[in-house]
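Please keep the sequence and the coordinates at hand while reading.

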Amino acid sequence: MSTTTAPETTEVEAPAQDWKGQSVPRKEDRRLVQGQGVFVDDVKRHGMGYIHFVRSPYAHAHITSIDVSQAEEMPGVYGTLTGEEVAALTDPFFQISSVPGANLKDYALAVGKVRYVGEAVVAVVAETRERARDASELVEIEYEPLAAITDARHAQDDGVPTIHDDAGGNLMWHGTYEWGDLDAAFAEADKIVTIDELHFHRFNSTPLECDGALVEYNRGVGQWTIHTNNQFPGFAAIMMGPAMRTGLDKLRFVTQDIGGGFGNKITSHPQLVACCLLARKLGRAVQWTEWRTDFHMSMSHGNERWFHETEVAVKSDGTLLGFRTKALDDAGAWLRYEPLGGVIWAQVTPGMYKWRNIRVDFTQVATNKAPVSPNRGYSRMQHLWFTERVIDIVAKELDIDPVEMRKRNYIKTEDMPYETPNGCVYDSGDYARMLDIGLELIDYANIDQRRLEATARGKLLGVGIGSTLDSGTNNFGQSRMINSELQFSGNNEVATVKLDIFGEIVVTLGTTPQGQGHETTAAQVVADILKCSVDDVHVRAGHDSYWNSHAGFSGTYASQFAVTGLSAVKGATDLLAAEIKKLAGAVFGGVPEEALELADGGVRIKDNPDAFLPFMACGAIINANNAGLPEDLGVTLNCRYVYRPPFEVPDIERKFGNLTLTYATQIHVAVIEIDPETGAYDIVDYAAVDDCGKRINPQIVEGQVMGATAHALGAATHEHYAYDEDGNLLTPNFYDYHVPHALDMPPLKTAATESPSPFTPLGTKGMGEGGGAGIHAICAAVQDALRGHGDAIVSDSCNPYHRVWEMLQAPAEAGGRVSVVDA
Amino acid sequence: MSTVTTSRSIKVTINGTTYEREVEARKLLIHFIRDDLDLTGSHIGCDTGNCGACSVIVDGSLVKSCMLLAVQADGATVETVEGLAHGDELNKLQQAFKDHHALQCGYCTPGMLMSATALLRANPHPSEDEIKKGLQGNICRCTGYWNIFEAVKAASE
Ligand code: FES
Ligand code: FES
């Protein structure tokens with residue numbers, strides 16, 4: 001036990017016979033399997049106009065002129081919007097970064113210059129989608145092309161073009177993180193392993209539904225209603241309000257069903273501003289549905305990251321003492337959520353390992369590529385991939401078994417809660433046990449035999465382990481490590497629960513689910529407290545900021561619903577339960593609360609079950625039949641609760657503090673077989689073991705594990721936003737960007753352990769982003785399979801067949817460069 | 001200058017209801033179904049014919065309705081996800097999707113259901129491999145497909 005700043009421990013509830021813990025069928029499914037969901041593109045208004053964005057064909061160019069007159073004259077065209085108008089009507093978006101990134105002037109449309117292929121330059125609105133598209137072709141834009149930067153490693157070279165003159169160069173943010181005693185660690189080491197370069201590639205989760213909005217403007221009250229699939233309306237609001245020079249109450253966000261998000265739908269605020277300006281300018285509702293190609297070219301690519309000059313201090317027996325590295329992040333052309341990726345990784349600084357001396361020099365630069373934004377596993381995935389690569393590279397160099405290497409260095413269950421070198425507190429977990437379960441699922445005991453069998457068939461078998469943490473419930477105070485001026489800290493989420501006039505139990509959430517089944521799991525929590533059936537609990541679908549059930553951090557992102565959302569639901573329901581008893585006590589003529597209990601859809605006196613007041617009577621009394629109730633009763637049966645996790649503001653100087661509340665864990669084990677003739681490989685066995693504390697609905701949890709695994713396998717093998725040197729995206733649609741299809745799916749075995757979080761009201765941990773483990777597992781499996789066949793070091797997170805083939809042909813050139821020296 | 005005809009009247013029967021509408025010649029069938037008829041169950045996930053979110057059955061054949069013009073469907077009989085349930089009662093396949101957690105966001109689901117419907121009509125008892133082949137044209141980004149395979153298998157039993 002080495003914790004010093006653990007948050008207060010709360011008691012975990014006993015599970016006996018609860019709705020919680022059961023795989024209750026999802027409430028959402030009935031509408032969705034009938035095509036009755038309401039997704040953003042399904043929302044229509046009379047006379048609405050369709051928006052089409054005219055986008056830059058250049059990666060970097062001055063805009064010398066824009067002429068929209070021909071487009072505007074086309075019959076059926078309602079109007080246009082240009083960057084010049086946007087710059088007059090709005091202020092640049094607030095920047096999270098300190099200088100130099102703070103100086104960027106980012107608007108809803110390009111102003112004066114374009115900085116990546118696909119950047120929106122003009123918006124055209126017409127009576128049909130087809131007409132808007134046709135008219136877009138009549139917009140005349142003249143460009144003066146500039147040289148482009150597409151390789152972050154050269155963004156700061158002498159003589160390269162500057163993407164943002166306002167920033168005075170391509171450096172956006174830089175920070176140094178150092179904890180422990182690096183000199184002592186390297187002095188104590190027996191060996192120092194140096195890794196020249198590791199590269200985590202650019203991809204994202206490509207939700208099947210693209211971004212969109214339908215925006216109406218109410219001129220009389222100056223208020224916009226934004227039907228959208230943005231997954232973090234709280235963030236969109238604080239970006240949009242100041243830019244649009246309006247109060248946040250004038251921006252009403254409404255969502256219902258969202259076709260996947262995965263973080264990629266957080267930063268649509270520029271397009272939403274364009275929609276708002278057009279709705280006001282044209283005096284009609286406007287709708288925007290992003291085309292798939294537009295999504296690929298412009299939305300939320302995951303952070304591409306390089307790790308240079310990595311040095312690892314290690315004892316001969318494999319005990320890891322520490323590392324230092326230089327991380328270089330490619331932010332793309334704008335900082336839309338960045339440079340938060342420059343600190344988010346620190347939630348999992350040591351990965352799952354005990355090393356305590358760590359230095360990371362972090363630099364983020366701009367390039368002429370699409371802006372990066374959160375993507376499932378945001379920034380932690382990159383860092384965890386790095387730590388896992390380091391483990392397997394060091395194990396290989398020291399000739400230590402990767403399983404042994406992990407078990408020797410994993411943080412142990414008896415050390416939980418464990419304070420990491422940078423002050424994060426890992427709440428619970430048993431990594432070694434999870435690894436054993438994963439190994440057993442793939443029959444690791446017989447792996448040597450299977451390797452021989454594969455060899456006999458001419459195949460190279462490899463086993464790889466990926467272990468990751470899915471840190472959840474952010475302490476937004478970490479943003480101050482990026483910019484000490486920022487006034488964010490902590491986190492919150494809201495729920496309201498009420499009894500309506502006929503006794504209906506109505507739950508309202510602040511979240512914006514995209515398939516995570518919030519209606520179902522919230523109902524499970526409520527039903528346990530109110531002692532009723534989940535079927536009696538009506539959870540409103542989606543989010544509406546006019547419901548007064550949201551707070552600054554409301555949304556669905558960053559693995560937190562099971563903690564923030566459900567704790568808010570629990571809090572509100574506990575309040576309601578207490579009010580119901582208070583009311584009943586008064587109705588029964590002064591019966592104390594302790595003598596009452598909830599049961600069978602009502603409240604009764606424990607010793608006299610005949611004295612029973614159904615919820616319907618409670619709702620009716622308070623709402624419509626309240627004469628004669630005591631004046632000071634203080635019961636509304638409409639309870640709102642804001643859950644606020646126990647956080648302190650981190651120590652900015654030392655970059656020290658607890659950055660997330662929970663640390664769910666995933667261990668994946670992959671077995672692959674490579675055909676050495678071609679480099680093609682099959683995943684022949686695969687296990688995913690998950691621990692997210694108490695599971696409210698195991699089937700939903702397993703679904704998240706499966707989905708995250710599929711994302712990882714796609715990213716590890718194929719998915720890549722590749723650019724040519726002129727800045728053209730080579731994979732702008734599902735033809736070229738190969739996401740896994742049905743026939744790509746390997747056999748999958750899943751298992752779960754439950755280590756309740758001692759820090760959360762329900763023992764839950766946020767989860768859903770743990771897929772990074774699959775990327776590590778595949779990298780490790782490829783490296784293992786190449787043992788004795790060139791011994792290449794896998795140094796890239798994406799390993800399509802041709803790269804494996806290259807590693808087989810020319811291991812030294814195609815693989816990573818590593819050296820080991822005796823210290 | 002002669003006037004070019006850019007629109008035309010078509011007659012399409014969808015889930016048993018016949019619709020007669022004037023459509024722009026360039027309008028895609030999926031946009032006709034979703035925008036003009038307000039049958040928004042079928043979805044759009046791409047602009048290259050790769051994702052299958054728009055899958056419907058036209059005259060008995062499974063098609064991606066973003067790959068057809070509305071005018072090409074003149075006279076056709078179309079089945080969409082809205083026609084699967086019997087009144088309020090889910091059909092076997094829909095129920096199996098629900099039981100096996102074969103959907104998360106539900107955006108791919110209507111297309112998946114139509115592909116699976118076409119598959120099971122042609123091959124009532126498909127093997128696992130045949131199920132995968134039958135769904136190869138439909139992308140799901142949430143589930144990793146595993147539970148979808150289970151659901152289709154269950155519905156075929
Ligand atoms: S929308 Fe038809 S295949 Fe993607
Ligand atoms: S359930 Fe979301 S895309 Fe399939």
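In what follows, Ala, Val, Leu, Ile, Met, Phe, Trp, Tyr, Cys and Pro count as nonpolar, Asp, Glu, Lys and Arg as charged, and the others, Gly among them, as polar. The model is predicted. With these classes, the lining of the largest pocket divides into 13 charged, nine nonpolar and eight polar residues. This pocket has a volume of about 550 Å³. Its lining comprises 30 residues, and those nearest the centre are A:R153, A:H199, A:W306, A:D796 and A:R803. Four elements of chain A each contribute at least two lining residues: strand 8 (191-200), strand 13 (304-314), helix 19 (801-809) and helix 20 (811-814).

The second largest pocket holds about 360 Å³ of space. It is lined by 19 residues, with A:I400, A:D401, A:P402, A:D784 and A:R787 nearest its centre. Two or more lining residues come from each of several elements of chain A, among them helix 10 (380-398), helix 11 (402-409) and helix 18 (772-785). By class, this lining has nine nonpolar, eight charged and two polar residues.

Next come the domains. Chain A is divided into domain 1 (413-472 + 662-720 + 730-816) and domain 2 (487-532 + 558-643). Their C-alpha centres lie 42 Å apart. How many residues of each are in contact across the boundary? On the domain 1 side there are 17, and on the domain 2 side 16. The size of an interface is often given as the accessible area lost when the parts come together. For domain 1 and domain 2 of chain A, that area is about 1,200 Å², 65% of it on carbon and sulfur atoms. Of the area that domain 1 buries against domain 2, A:I696, A:P761 and A:L762 supply 41%, more than any other three residues. The two domains have zero salt bridges between them.

Over all chains, the whole structure has 56 salt bridges. One of these pairs A:R202 with A:D330, whose closest N and O atoms are 3.3 Å apart.

The largest cavity contains about 670 Å³ of space. Among its 49 lining residues, A:Q516, A:S559, A:Q704, A:M767 and A:G768 are the closest to the centre. Which domains supply its lining? Domain 1 and domain 2 of chain A each give at least three residues. Helix 14 (518-530), helix 15 (561-587) and helix 17 (698-717) of chain A give two or more residues each, and helix 15 gives the most, with five. The lining comprises 25 polar, 17 nonpolar and seven charged residues.

The second largest cavity has about 260 Å³ of space. It is lined by 22 residues, of which A:D41, A:R129, A:T289, A:E290 and A:W291 are the closest to its centre. Chain B also takes part: helix 1 (29-36) of chain B gives two or more residues to this lining, as do strand 1 (49-55), helix 4 (129-136) and strand 12 (286-289) of chain A. Strand 1 of chain A has the largest share, three residues. By class, the lining has nine nonpolar, eight charged and five polar residues.

Technical notes:
Residues numbered from 1 in each chain as written. Chains lettered and ligands numbered in written order. Predicted model: local features only at pLDDT ≥ 70, side-chain atom pairs only at ≥ 80, totals over all residues. Heavy atoms only, no water. 1 Å grid on protein atoms, 1.4 Å probe; cavity = no way out; pocket = protein on both sides within 12 Å on 5 of 7 lines; lining within 4 Å. Points joined across faces, edges and corners; volume = space filled by probe spheres on them. Domains from an automatic or database assignment. Contact = heavy atoms within 4.5 Å. Buried area = accessible area lost by both parts, 1.4 Å probe. Salt bridge = Lys/Arg side-chain N within 4 Å of Asp/Glu carboxyl O.
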